[in-house]
Amino acid sequence: VCGSAVVSLKVMEADPMNIAHCPYGIFVADRDGEILVGYRNYPEGPMQEVQALLENIVKEALGS
């Protein structure tokens, strides 16, 4: 994913304990024909940049 390494470095430099949130993931599930796509919610602060990255990936994948 373009930019993910840059974002990872940034959040790890802000707080090395942010490594606890790795790996970042996106899930896809089929519930009775309804496709769900999402990602984990991350804490306030630097990890919001990771959350925004994942949100943009999901939106792009869904064509939103």
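**Figure 1. Overall fold of the predicted model.** Two helices and two strands make up the protein chain. The model is predicted. Read from the N terminus, the elements follow the order α-β-β-α. Helix α1 covers 4-14, and strand β1 covers 26-31. Strand β2 covers 34-39, and helix α2 covers 47-62. The C-alpha trace spans about 40 × 20 × 15 Å along its principal axes. The chain has 64 residues, and 22% of them count as buried. Among contacts with a separation of 6 or more, 36% come from residues 24 or more positions apart.

**Figure 2. Helix α1 against helix α2.** Two packed helices are described by the angle between their axes and the distance between the axes. Here the axes of α1 and α2 come within 9 Å. They cross at roughly 160 degrees. Angles over 145 degrees count as roughly antiparallel, so α1 is roughly antiparallel to α2. The crossing of α1 past α2 is left-handed. From α1, the contact draws on Ser4, Val7, Lys10 and Val11. From α2, Met47, Glu49, Val50 and Leu53 take part. Sorted by class, the contact has five nonpolar residues, one polar residue and two charged residues.

**Figure 3. Ser4 in the helix contact.** Ser4 belongs to helix α1. Ser4 is one of the α1 residues in the contact with α2. Its relative accessibility is 23%, so Ser4 counts as partly exposed. Val50, one of the α2 residues in that contact, lies 46 residues from Ser4 along the chain. The C-alpha atoms of Ser4 and Val50 are separated by 7.9 Å.

**Figure 4. The aromatic pair Tyr24–Tyr42.** The structure holds one aromatic pair. Its members are Tyr24 and Tyr42. The ring centres lie 6.1 Å apart, and the planes stand at 90 degrees. Plane angles over 60 degrees count as edge-to-face, so this pair is edge-to-face. Tyr24 sits in the loop between α1 and β1.

**Figure 5. Surroundings of Tyr24.** Residues up to four places away in sequence are not counted here. Tyr24 touches Ser8, Val11 and Met12, among others.

Figure 6. Gly25 is found in the loop between α1 and β1. With a relative accessible area of 31%, Gly25 is partly exposed. Gly25 touches Gly38, Tyr39 and Arg40, among others. Tyr42 and Leu54 are also among its contacts. Residues up to four places away in sequence are again left out. Gly25 and Leu54 are 29 residues apart in sequence. Their C-alpha atoms are 7.9 Å apart in space.

Figure 7. Most residues other than glycine have a negative phi, and most peptide bonds are trans. The peptide bond from Cys22 to Pro23 is cis. Its omega is near -5 degrees. Pro23 lies in the loop between α1 and β1. Asp32 is not a glycine, yet its phi is positive, at about 50 degrees. Asp32 is found in the loop between β1 and β2. Its relative accessible area is 85%, so Asp32 is exposed.

**Figure 8. Asp15 and Gly45.** Asp15 lies in the loop between α1 and β1. At 33% relative accessibility, Asp15 counts as partly exposed. Asp15 and Gly45 are 30 residues apart in sequence. In space, their C-alpha atoms are 10.0 Å apart.

Terms used. Residues numbered from 1 in each chain as written. Predicted model: local features only at pLDDT ≥ 70, side-chain atom pairs only at ≥ 80, totals over all residues. Heavy atoms only, no water. Phe/Tyr/Trp six-rings, centres within 6.5 Å; stacked < 30°, edge-to-face > 60°. Helix = DSSP H or I, 4+ residues; strand = E, 2+ residues; numbered from the N terminus. Axes fitted to C-alpha atoms, helices over the stretch in contact; angles between N-to-C directions. Parallel < 35°, antiparallel > 145°, perpendicular 65-115°, else oblique. Left-handed = near helix turned anticlockwise from the far one by under 90°. Contact = heavy atoms within 4.5 Å. Nonpolar A, V, L, I, M, F, W, Y, C, P; charged D, E, K, R; others polar. Buried < 20%, exposed > 50% of the residue type's maximum accessible area, 1.4 Å probe, protein only.
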